[in-house]
Every structure is written in structure tokens, then in C-alpha cells.
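My entries follow the structure.

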Amino acid sequence: MKRLALSAVTAVTAALVTVPSATAPATATTGVSVTNRCLSSVPDPGSQTAVPICFTLFRPAGATADRRVPMIMHSHGWGGSRTTDPAAFDRWLSAGYGVLSFDQRGFGESGGRAYVENPRVEGQDVQRLMRYVAERGWVRKDAPGDPRMGAIGGSYGGGYQYLAAFSSIDTRGKPVLDALAPEITWFDLKESLAPQEVVRTEWALALSASSVPTDALPPTVYKALVEGSATGTWPDGSVPGTEDLDPFFARNGPKWHVRHGDRLDIPVLMGQGTTDTLFPLQQGLATWQRALTPSARQRSIFVGYNGGHVLPALLPRGVEATSDPCSRRLAGGDFEQLAVRFMDERLKGRDRDLRGYGRYHLATPSGSCTSVDSVRANSTYRLGQVASTTAAGAPLAYPVAAGPLRVAGTPYLTGDVTALGLDSRAFYGLAVGTSPADARLVQNNVLPLRERTPVQGVRRRVALPSVAVNVPRGQRLYLLVSPVSDTFAGMSSRTPGVITIDSTVLHLPRVGG
């Protein structure tokens, strides 16, 4: 019965992973050579059996040893499989790129189990795939064994791109990939699934559910994710008899590589969902700020669009928005069109008149694009006392400022927190409305404040979701505080009570002073 229920969640989740697009239907691609095969990679941990990693290679018309072409690597999201239809890559093939799309370990036709982009496992898979590409005579090379190569893909298909780039730093001293275009992916996977170790219940269950058809996850990970959803806290083995997920997720993402002294010095077109409630905007901002060198950022572009891993925001009430105005402003179309122009400039050295390098371009819920050089808070607003019940109750909206007002970046609170209960929790975000009664979350995200033990008047910095919004005249910006959140269903306080923040100051990234 459990697997049936999880499978139902999988179907719902697949429908809710949205990337805004204005893409026209793909045309039939002629003259393209298609090769399907598998190569052998390292065994799963604890096994001695080599794991097949399967892929489809698309060779564009006219690509020969005398007319070599750059390559694009692609992979799928969690629970998906590779793309085998050349029409899906019509824009890339028509633009003169070869494409390799592969099934990640544990999915599609590939064997093994998914270790969620672990350098010792999936890292070996992508290194072997890149070596295979380097052996093709029709692929352009920068040096022997070094193909001219970019990468595309979203969510889990974005995670492999950072893995591939960082893993080749360890083995070759520099990335084999020359440019990346990851979408809606993570910097810190644990923080994405459980900020302050408060589990995003719906997504933890969906992660398990989407891996059920191929039995992709190790059994202990299934067990741990169910435990986390049931107990309301991240499984760290502190409760006797429960699983510890920390070792499993320790290496899985850019944060681990940055902690060990590596940063990427290659151009990145980064797409992040502003309304994404699994890998929210601040995950992409953290990668941009911490995983790229200053030189790389000057050759890179950050795009935030309304989309990503989206679930209905009902409590607290959010907005419904799916749009990508920034890709339209920069490239005249959708994110894929922007990515083709970006790769043309970075891989082919062609001037495609692309602007916006070194800046953040963030979509607002109303469908406008705000471009800024910094997402740091630059203005302060004194709110006095901010209080919320815990465990149950209605969201409360505290007025901040009247419109017109533009905000783009990462806000936060400072203040003196009092919470007398055990494991007290409340959820915080920014909202816009004409009154507290109709104020809605700006881009559907909240973040928890969690006090594990009773505290009184303790100074805290409270993280708020990164946002971009234009507050029009006649409306007001609010701080919204809620004892419950549907994204964190069942994760509210363990005991009823009140969380109070005294001398509250909102630090806001205001555009235009």
C-alpha cells in the first residue's frame, strides 16, 4: 500500500515541476546520426559488479573529422530518463552542436542505485561519459582528451553539471566542461530538503516516490525520508533505532566542493525558479556567490523565472505565476533560446550580442524583469514586536512599507527571540496586498525559525526567502508569519505556544534606494 501511495505522489509531482517556456514545437531533424549504447562504470558502494550507464549520442548533420563540432551534455530530472528523440534537441542540432543525453545511475536503462550526485559514484559516471565523447573524431577538442563541451538540464539534471565540473577539477586540475546552463538545482541539498532541519515534507515524500519505479534509492534512505516526514525533523541518527542521512548527503552538491577549497572558473548561465519551493531562489544565489570565482561571475548570467518545483501555496496563501520575462528580455524568447546564444558565445566564440553578463535578472510575480548588480539587503525597517502562535493558528501580516516599492534579493530579520516551549517553530516570508486580510506570499516561499530549547530575549538573525517583487501604489509590503505551512506539512511546533521577536528589524534588498 505504501508504494501505491508514493506512486500517486510521483504522478502529482511530475505535473508540478514546471519550467516556463515559449518553445515552438520541435521540427523534424534530418541528417542526424543517433547512437544508443551503454558503457561500464564503477560498482555501487559495497558491490563488486560494474554498473552500466546508458546514453544516446546525437551527431549533427555535416559533423566530420574535418568539420568538428562542440558538444552539449544533457541529463534528466529526478525519476526521469534520457531523451532519445533528436527532435527534442532540434535547436541544438540545427545550431551545429552534438548532444549526448544519458540515464543517470538508478534511472532509465542505467543500472545501480542513485547516490544523488556523489563524486565517488555518479562523479565517475560523468567522467567516463566525457572521456567517451573525447574519443569521437568528429568532436571539437581543446586538447587531447578535452572536448569543447557545454552542459544543460534542470533539477537533478542541473546537479550533475556541477558534479561533472568539480569532479574533473579533482582529476585533471580543471573542468572538462567549458560552460554550464543548469536550471532549478541546489547548492546545499540538505538545506533544500530541510532548512534548520525542518523537513519540507511534500518534497521529501516526492523524492522517495519518484525513485520507486526503478528502486533507485538505497533502502536505508527510503526509510530515513519516511522517518523524517513522520517525526517532523531531519533524520540524523540522534534517536536510537533511526537512520542518519547526514553521511549520505554530505558530498552531494556544490557546498561540499566549496568547503574543500574548489570553485569554478567557467561561465555559467544559471536558471533558478523564484516560485520553486524545493530548490528556491536562494539556492541558486548561494551557488553563484560561493561556487563561482569573481572572474567566472563576470562571464556568467543569472536568470530567475517564475517556475521550477511548484506546488500550490494554500497556507499561507501564495500566488500563481509562470513566466520568464528575463530570458525574453535578454534573448527574445525562452531560457533554451538564451542558452543556445550563451553557448554560441562561450563555446564557439561567436558574438551573439548577448547582454546581462555579471548580473542578476529576476522575474517578479507580475511578469516583469528586475536586473540588479547585488542582491544584498540595503535598507532597514523597524517593525517592533513580531509574534506568532506555534503548532496551530492563522498567519499574521505585519505592515512594512507602502508601494510603489521594488525589492530584489535576499531579505532577513534581526531581533530578540523568546520561545518558552520545546522545539518551537514558526514560518516567515514576505507578502503583498491591500490589507493584512488579502496579503499573499510574494513567491510562495517561507522559511522556518526553529528554537530547539526554551529561549528568552536571545538575539537572532532570521533568514527570509529571496524574492523579486514590484509593490504597486495602493498596496503594501508585509512580513507574513505563520505557525504552519503546507510545504512543511506536519512540521509545525511540537508543543503549542508563542514565538516572539522583539525589536524586530527587517533588512530589505530595495531597488532604487
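Entry 1. I began with phenylalanine 279, which is buried at a relative accessible area of 5% (buried means under 20%, exposed over 50%, partly exposed in between, with a 1.4 Å probe and protein chains only). This is a predicted model, in which local features need pLDDT of at least 70, side-chain atom pairs count only at pLDDT 80 or more, and totals for chains, interfaces and linings use all residues. Residues are numbered from 1 along each chain as its sequence is written, and side-chain values use heavy atoms, with hydrogens and water left out.

Entry 2. I next looked up tryptophan 288 and phenylalanine 302, which form an edge-to-face pair, 5.9 Å centre to centre with 90 degrees between the planes. Rings of Phe, Tyr and Trp (its six-membered ring) pair if their centres lie within 6.5 Å; planes under 30 degrees apart count as stacked, over 60 as edge-to-face and the rest as tilted. Tryptophan 288 is buried at 2% relative accessibility, and phenylalanine 302 is buried at 0%.

Entry 3. I found 18 aromatic pairs by this rule. Tryptophan 186 and phenylalanine 279 make a tilted one, at 5.4 Å centre to centre and 45 degrees between the planes. I also noted one aromatic cluster formed by Trp78, Phe107, Tyr156, Trp186 and Phe279.

Entry 4. I then checked for charges over rings (NZ of Lys or CZ of Arg within 6 Å of the ring centre and within 35 degrees of the ring normal). Arginine 136 lies over the face of tyrosine 132, 3.8 Å from the ring centre. The charged end of arginine 461 sits over the ring of tyrosine 412, at 3.5 Å from its centre.
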